[in-house]
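Reader: Please walk me through this model, one feature at a time. I want the rule each time, then the case.

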Amino acid sequence: MDVFRVVKDNVTARQVAEYYGMKIGRNGMACCPFHDDKHPSMKLDKRYYCFGCGEKGDAIDFVGKYFGMTSKDAAMKIADDFGMEYKSEKYKPPQKPLKPKKTLEQEFCEAQDYCFKGLSDYLHLLKEWKIKYAPKSMDEEWHPLFCEALDNIDQTEYLLDTLLNGDVRDRAFLVQNQGRKVKSIHERIREFNNRREKCITGGSERKQRAHERERG
Ligand SMILES: [Zn+2]
């Protein structure tokens with residue numbers, strides 16, 4: 001039970017006022033400690049009320065006002081002084097299961113895998129483009145994807161070779177320096193694949209027919 005409930009259920013304003021030194025007559029009347037009271041004008045029972053100044057409340061309000069405390073502190077003071085047990089409700093943040101922190105080595109391995117995957121997918125595409133978009137005649141303008149393939153195949157192969165066979169320093173250097181490039185490669189591949197998917201869906205029927213014609 002929380003401290004407010006415990007105090008409210010177990011102690012009256014009159015009991016706490018007496019406990020903290022107020023003299024209370026048999027009729028439950030006392031001189032009000034909250035105003036300059038010459039004749040008893042405060043009535044105390046379960047709650048208290050002053051006919052002079054209008055102060056009123058329960059045991060917690062009384063102690064709060066009497067000692068200049070917050071309600072919470074007043075309630076805890078009463079509970080402690082009267083030996084009442086209560087559940088202290090200190091805020092506990094909800095416990096989240098902690099994720100095991102990645103070691104530097106794990107992080108490096110992941111970054112390396114990411115690079116490797118990006119570069120090898122890209123190389124695959126480049127090789128495809130080199131064949132698919134190769135100019136059919138001398139005076140045909142070169143397709144940009146064909147140009148991209150020519151420009152990048154060697155370098156991509158070299159980077160992949162470094163990732164596979166380089167020593168740890170070379171690999172770390174590559175992962176660190178090509179990370180951003182690889183990210184843009186991943187994006188490029190995704191973009192390209194999306195476009196291709198659309199083409200395939202759109203052209204599948206036509207392709208199917210052409211395929212059947214070839215076979216027949
Ligand atoms: Zn009063």
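**Reading the model**

Author: Start inside. With residues up to four places away in sequence left out, isoleucine 78 touches Val7, Val11, Val16, Tyr20, Ala59, Ile60 and Val63. Contact here means heavy atoms within 4.5 Å. This is a predicted model: local features need pLDDT of at least 70, side-chain atom pairs count only at pLDDT 80 or more, while totals for chains, interfaces and linings use all residues. Residues are numbered from 1 along each chain as its sequence is written, and side-chain values use heavy atoms, with hydrogens and water left out.

Reader: Which residues touch the most other members of the largest nonpolar core?

Author: The rule first. A nonpolar core is a set of buried Ala, Val, Leu, Ile, Met, Phe, Trp, Tyr and Cys residues joined through side-chain atoms within 4.5 Å. Buried means under 20% relative accessible area, exposed over 50%, and partly exposed in between (1.4 Å probe, protein chains only). Here the largest core has 26 residues, and Val7, Val16, Met42, Leu44, Phe62 and Ile78 touch the most other members. Two or more residues each come from α1 (3-10), α2 (13-19), β2 (42-44), β3 (48-50), α3 (59-67) and α4 (71-81). Another core, of 21 residues, lies apart from it; Tyr122, Leu123, Leu125 and Val182 are among its members.

Reader: How many helices and strands are in the chain?

Author: Both are DSSP runs, numbered from the N terminus: helices are H or I, at least four residues, and strands are E, at least two. The chain has seven helices and four strands. From the N terminus on, the order is α-α-β-β-β-β-α-α-α-α-α.

Reader: In what order do the strands form the sheet?

Author: Strands of a sheet pair through backbone hydrogen bonds, either parallel or antiparallel. Two strands count as paired if DSSP finds at least two bridges between them. Here the four strands form an open sheet, β1-β2-β3-β4, with antiparallel pairing. β1 and β4 are at the edges with a single partner strand each, so one side of each has no neighbour in the sheet. Two bridges join β1 and β2 in the antiparallel sense. Alanine 30 stands opposite methionine 42 in β2.

Reader: Which protein donors does the zinc ion have?

Author: Donors are N, O and S atoms within 2.8 Å of the metal (3.2 Å for Na, K and Ca); water is not among the atoms, so sites may look incomplete. The zinc ion has Cys32 (SG), His35 (ND1), Cys50 (SG) and Cys53 (SG), at 2.0 to 2.3 Å. The spacing of these donor residues in sequence is C-x2-H-x14-C-x2-C. Cysteine 32 is in the loop between β1 (29-30) and β2, and cysteine 53 in the loop between β3 and β4 (56-57), so the pair ties together parts 21 residues apart in sequence. Cysteine 32 is buried, at 4% relative accessible area. Cysteine 53 is partly exposed, at 36%.

Reader: What geometry does the zinc site have?

Author: Four donors count as tetrahedral if all angles lie between 85 and 135 degrees. The zinc site is tetrahedral, with angles of 103 to 119 degrees among its four donor atoms. The ideal angle for four tetrahedral donors is 109.5 degrees.

Reader: How many disulfides are there?

Author: A disulfide is a pair of cysteine sulfur atoms within 2.5 Å. The count is zero. For cysteine 31, the nearest cysteine sulfur is that of cysteine 32, 8.7 Å away.

How values were computed
Four donors count as tetrahedral if all angles lie between 85 and 135 degrees; four count as square planar and six as octahedral if opposite donors are over 155 degrees apart and all others between 65 and 115; anything else is irregular.
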